[in-house]
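The sequence and model are shown first, and the description follows.

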Amino acid sequence: MFPTRVTLVDVGPRDGLQNEKQPVATADKVELVGRLQAAGLREIEVTSYVSPKWVPQMADNAAVMAAIARPPGVRHSVLVPNMVGLQAALAGGVATRPDEIVVFGAASQAFSQRNINCSIEESIERFAPVVAAAREAGLKVRSAISCALGCPYQGEVTPDEVEHVVRLMKDIGVQHCGIADTIGVGTPRRVQAVLERALKHFPLAEVSGHFHDTYGQALANIYASLEVGVHVFDASVAGLGGCPYAKGATGNVATEDIVFMLDGMGIETGIDLSKLVEAGGFISARLGRPPVSRAGKALLIK
Ligand code: HMG
Ligand code: MG
């Protein structure tokens, strides 16, 4: 049976903006988060505590976390690759710390090396103390498994390879498993096969899809995920983004497009589409280009 309610995690401020070459003003990032909250988003991936040499756009992580409003009921997450990142995320004290962290690994060795400069096994060794310390500090820990449907360097990635990393993440105490199609090559049946592997190790509410829309498959893949009961998805307002270590990868599926589809199917998200479209219009104007979101574009010119 289809879920009656879906949780959307807007990763636009992080996944969406991390790839922008021109610096985006901290105030604009903060306003984007505020507008997403006003549109009804209850989960937002705000920034990442990664090396500023690797991803300069996220260098203002602490300033963004310090400036965003923290209304009750909204959960803010950040990417953390190692202990240095976790310490930085916790350094500002209770007012600025995230509710959740995301450790990000990969189902392909080649991508792990390019993205976080270590093998899959080394990444898990690195994450283990981070997960323990984050949970000790009362944070929830999510994982993202990149290249779960294909790798820009290695090509084919099998469900067995994905399940191997899912299991490793589970073993170190990660509480949520995000299946990420970094380069958008997944198609519905394959997505279902990979989600089934994650569901062997994590409960239904703790498995999510993170679908980049490079090949236009993301909405179909979300529909296929709903068919197997998965009801948590990452999405990026205005379809912003890409990954700096996956050349040519486009943004995540646009939040507006998913909300339009789910509204039409009578599936609740708690999100006000018109306010979301305005949020997408705001950040797109700041970046000097139209939103990639199809629904966003259509509704903005209405
Ligand atoms: P490294 O160079 O191997 O790290 O990078 P290191 O431990 O050797 O340290 C080198 C220097 O970096 C040191 O400073 C550290 O202190 C510093 P120095 O002594 O030279 O002055 N450093 C840090 N600084 C700030 N924050 C930190 C940090 N760690 C070390 N956390 C590292 C390893 C993981 C840090 C690096 O590879 C990195 O930052 N990678 C991040 C890459 C990234 O952000 N990629 C995009 C996000 S992932 C993504 O988009 C995929 C996703 O959306 C899912 C999907 O679609 O697939 C999640
Ligand atoms: Mg991504």
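## Strands and barrel

In this predicted model, strand β3 (residues 75-79) and strand β4 (residues 100-106) pair in the parallel sense, with three bridges between them. Ser77 stands opposite Glu100 in β4.

Both strands belong to a closed barrel of eight strands, which runs β1-β2-β3-β4-β5-β6-β7-β8 with parallel pairing. On average, and with direction ignored, neighbouring strands of this sheet are turned by 25 degrees against each other.

## Helices across the strands

Helix α5 lies across β4 and β5, and runs at about 130 degrees to β4. Helix α8 (residues 188-199) lies across β6 (176-181) and β7 (207-211), and runs at about 160 degrees to β6.

## A pair of helices

Helix α2 (residues 26-38) packs with helix α11 (residues 273-287) at an angle of about 170 degrees, and their axes are 8 Å apart. Angles over 145 degrees count as roughly antiparallel, and α2 and α11 are therefore roughly antiparallel to each other.

On the α2 side, the contact is made by Asp28, Glu31, Leu32, Arg35, Leu36 and Ala38. They meet Lys275, Glu278, Ala279, Phe282, Ile283 and Arg286 in α11. By class, this contact of α2 with α11 has six nonpolar, six charged and no polar residues.

## Around ligand 1

Ligand 1 is surrounded by 27 residues, of which Val50, Ser51, Gly85, Ser146 and Thr182 are the closest. By class, the shell has 15 nonpolar, eleven polar and one charged residues.

At least two residues of this shell come from each of α4 (83-91), α5 (109-116) and β5 (140-146). Helix α4 gives the most, with three residues.

Technical notes: Residues numbered from 1 in each chain as written. Chains lettered and ligands numbered in written order. Predicted model: local features only at pLDDT ≥ 70, side-chain atom pairs only at ≥ 80, totals over all residues. Near = placed C-beta within 6 Å. Helix = DSSP H or I, 4+ residues; strand = E, 2+ residues; numbered from the N terminus. Nonpolar A, V, L, I, M, F, W, Y, C, P; charged D, E, K, R; others polar. Axes fitted to C-alpha atoms, helices over the stretch in contact; angles between N-to-C directions. Parallel < 35°, antiparallel > 145°, perpendicular 65-115°, else oblique. Contact = placed C-beta atoms within 7 Å. Pairing = 2+ DSSP bridges.
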